[in-house]
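Hi,

Here is the structure I said I would pass on to you.

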Amino acid sequence: MFDIRNIRAAVLDMDGTLIDSMGIWHQIDKDFFAEHNLVPPKDISNQVNKMTMQEWADFFTREFDIHMTGEQVIRRIGEMAYTYYAEKIPMKPYVIDFLDFLDSRNIRYGIATATYRKSAEAALKRLGILDRMQFILTAEEVPSSKKTPEMFLKSAERLGSSVENTLVVEDSLHCIQTAVRAGFPTIAVHDASVPLHEQEEIRKLVSLYGSDFKEILQKINPERL
């Protein structure tokens, strides 16, 4: 169990962690295939979930009869996602309480996300928390996304904090595996899109797991709530 008193900064995932967005990616996959009169495989979203943007685009152009370049695929998916992020995706419960808690302890925080920057900024602005972030780091700046620790390390650097004093807050198994291997204290918030067997593995890896941010706060600082 990590000690919150040792934490100086926090790297926050966005999709599935701060915002309830994972379900829309299944719809975007379906819509993208429909544009090209193709029927997507049933497990297409699971196949591409752990890919970088470029891997994702290369996969589409290689495996299916889509007459587009990888760059065109990336651009089109970004356009389709933007509407959801700018207009529809809700914040997950008790996020504001969690940010308030970080502020109360003078813990600086920023976003590390595989999402397009334009979409991320639109969602965070609409939800009223964009200005609270020290930065947003996306897969557009770090193409390896979270398959390597580069995004987490760059985030800690921007926050002026060491690895051991920087908390990572995530929801997905492969991102958590990367952060833990790199030595970051890591906590996880439940997201319904994560398969049950992965949730079980996450619980084994992280310092703390919560069904939502209220439970996270109760476990971090039980006298507060």
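Let me start with Glu63, which is partly exposed at a relative accessible area of 45%; here buried means under 20% relative accessible area, exposed over 50% and partly exposed in between, with a 1.4 Å probe and protein chains only. Its salt-bridge partner is Arg62, with 3.1 Å from N to O, and Arg62 is exposed at 55%. By salt bridge I mean a side-chain nitrogen of Lys or Arg within 4 Å of a carboxyl oxygen of Asp or Glu.

Before the rest, some housekeeping: this is a predicted model, so local features need pLDDT of at least 70 and side-chain atom pairs count only at pLDDT 80 or more, while totals for chains, interfaces and linings use all residues. Residues are numbered from 1 along each chain as its sequence is written, and side-chain values use heavy atoms, with hydrogens and water left out.

Salt bridges

The whole structure has 14 salt bridges. One of them joins Lys146 and Asp13 at 2.8 Å, N to O. Lys146 is in the loop between E3 and H7 and Asp13 in the loop between E1 and H1, so this pair ties together parts that are 133 residues apart in sequence. (Helices, H or I with at least four residues, and strands, E with at least two, are DSSP runs numbered from the N terminus.) Lys146 is buried at 2%, and Asp13 is buried at 6%.

Another salt bridge links Lys219 to Glu215, at 3.0 Å from N to O. Both residues lie in helix H10 (residues 213–220), four residues apart, or about one turn of the helix. Lys219 is partly exposed at 40%, as is Glu215 at 24%. Shared partners also join Asp13, Lys146 and Glu170 into one salt-bridge network.

Aromatic rings

How many aromatic pairs does a search of the whole structure find? There are ten, where rings of Phe, Tyr and Trp (its six-membered ring) pair if their centres lie within 6.5 Å, and planes under 30 degrees apart count as stacked, over 60 as edge-to-face and the rest as tilted. Among them is the edge-to-face pair of Phe33 and Phe60, 5.4 Å centre to centre with 65° between the planes. Phe33 sits in helix H1 (residues 22–35) and Phe60 in helix H3 (residues 53–63), so the pair ties together parts 27 residues apart in sequence. Phe33 is buried at 0% relative accessibility, and Phe60 is buried at 0% too.

Phe152 and Phe184 make a tilted pair, with centres 6.0 Å apart and planes at 55°. Both of these residues are buried. Ring pairs also link Phe32, Phe33, Phe59, Phe60 and Phe64 into a cluster.

The sheet and its neighbours

Six strands form an open sheet in the order E3-E2-E1-E4-E5-E6, with parallel pairing; strands pair if DSSP finds at least two bridges between them. The edge strands are E3 and E6 (208–210), each pairing on one side only. E5 and E6 pair over three bridges, and Ala188 stands opposite Tyr209 in E6.

Helix H6 (residues 117–126) has Ser119, Ala120, Ala122, Ala123 and Leu124 as its buried residues. They pack against helix H4 (70–87), strand E2 (108–113) and strand E3 (136–138), with contact meaning heavy atoms within 4.5 Å. Just after H6, Gly128 takes a positive phi of about 80°.

Cheers
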